[in-house]
Amino acid sequence: MPSRFLLVGLLLATFTLVALASDPGPLQDFCVADNSSKVLVNGFVCKDPKMVKAEDFLFRGLDKMGDTNNAVRSVVTAVNVNQLPGLNTFGISMVRIDYAPGGQNAPHTHPRATEILVVIEGSLLVGFVTSNTDNKLFTQRLEKGDVFVFPEGLIHFQQNVGLGFAVAIAGLSSQNPGAITIANAVFGSDPDISDDILAKAFQVDKKVIDEIQSKF
């Protein structure tokens, strides 16, 4: 009888671990994403292996600087399953982030991935905030060659605090980590979140909320 309970416990633990996995694990050498398929699954349907080419595993251009001429003075060049079909089922992706002087990668979350970031050039102030109710800020100034990790799902940010341009490369533990930029989601939703709700949430006058929403 004890061995039966042990077996049941092991099975439950196994199923729990599988349920908590961020991305599906590969069951073959590769499963190149077939972006043309009309079948809807949690991820992407596999391309016929006979049709797979070396180019399905290749992305070019991460050496090129992105255009930082925007409101936040930064730009993210993503290499996830949408740009690199060969990543499908592998549970990884990466990005290049370019920052103009004073530019920031505004507070955001990745709902499906932990992020590890390395500074390639320049100086960055980075940080993340823990979940309710502590809401503790962990922050650090990074220089060239420094590495910092942002836990999955937590709000985090980076800002260029150097005199010149800055560049970082980040790896993420999902083929499609997603990104929710806090300001855009809260003040730029479609349709708008009621200014009454946001005024109470941020404890400010509705006019302040209306003014911020108008910018998004």
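**Figure 1. Strands β4 and β7, paired in the antiparallel sense.** In this predicted model, strand β4 (residues 115-121) and β7 run antiparallel and share four bridges. Strands here are DSSP E runs of at least two residues, helices are H or I runs of at least four residues, and both are numbered from the N terminus. Two strands count as paired if DSSP finds at least two bridges between them. Across the pair, Ile116 sits opposite Val149 in β7. For burial, think relative accessible area with a 1.4 Å probe on protein chains only: buried is under 20%, exposed is over 50%, and partly exposed is in between. A note on what went in: this is a predicted model, so local features need pLDDT of at least 70 and side-chain atom pairs count only at pLDDT 80 or more, while totals for chains, interfaces and linings use all residues. Residues are numbered from 1 along each chain as its sequence is written, and side-chain values use heavy atoms, with hydrogens and water left out.

**Figure 2. The open sheet around β4.** On to the sheet that holds this pair: five strands in the order β1-β2-β9-β4-β7, with antiparallel pairing. The edges are β1 (74-79) and β7, each of which pairs on one side only. From one strand to the next, the twist averages 20 degrees; axes are lines fitted to C-alpha atoms (for helices, over the stretch in contact), and angles between N-to-C directions run from 0 to 180 degrees. Strand β4 also pairs with strand β9 (residues 166-172), again in the antiparallel sense, over six bridges. Here Val118 stands opposite Ile169 in β9.

**Figure 3. The largest pocket and its lining.** The largest pocket holds about 240 Å³ of space. Of its 17 lining residues, the closest to the centre are Val76, Val95, His110, Gly178 and Ala179. Elements giving two or more residues to the lining are β1, β2 (93-99) and β3 (104-109), and β2 gives the most, with four residues. By type, the lining splits into nine nonpolar, seven polar and one charged. Points are joined across faces, edges and corners, and the volume is the space filled by probe spheres set on them.

**Figure 4. His108 and its polar contacts.** His108 lies in strand β3 and, at 5% relative accessibility, counts as buried. Its side chain reaches the backbone oxygen of Ala106 at 2.7 Å. The side chains of His108 and His110 are joined by a polar contact of 3.4 Å. Such a contact is a pair of N or O atoms within 3.5 Å; within protein, one must be able to donate a hydrogen and the other to accept it, and residues adjacent in sequence count only if both atoms are side-chain atoms.

**Figure 5. Asp67, out in a loop.** Asp67 belongs to the loop between α1 (2-20) and β1 and is exposed, with a relative accessible area of 57%. The side chain of Asp67 reaches the backbone nitrogen of Asn69 at 3.0 Å. Asp67 and Asp98 are 31 residues apart in sequence, with 8.0 Å from C-alpha to C-alpha.

**Figure 6. The two ends of helix α3.** At the start of α3 (residues 195-202), a side-chain oxygen of Ser194 comes to within 3.1 Å of the backbone nitrogen of Asp196. Just after α3, Gln203 takes a positive phi of about 55 degrees, although Gln203 is not a glycine. Gln203 is exposed at 70% relative accessibility.

Figure 7. The peptide bond from Asn132 to Thr133 is cis, with omega near 10 degrees, and Thr133 lies in the loop between β5 (124-129) and β6 (137-142). Another cis peptide bond joins Asp190 and Pro191, with omega about 0 degrees.

Note on methods. On a 1 Å grid over the protein atoms alone, a cavity is a set of points where a 1.4 Å probe fits but cannot get out, and a pocket is an open set with protein on both sides within 12 Å along at least five of seven lines; lining residues have an atom within 4 Å of a point. Ala, Val, Leu, Ile, Met, Phe, Trp, Tyr, Cys and Pro count as nonpolar, Asp, Glu, Lys and Arg as charged, and the others, Gly among them, as polar.
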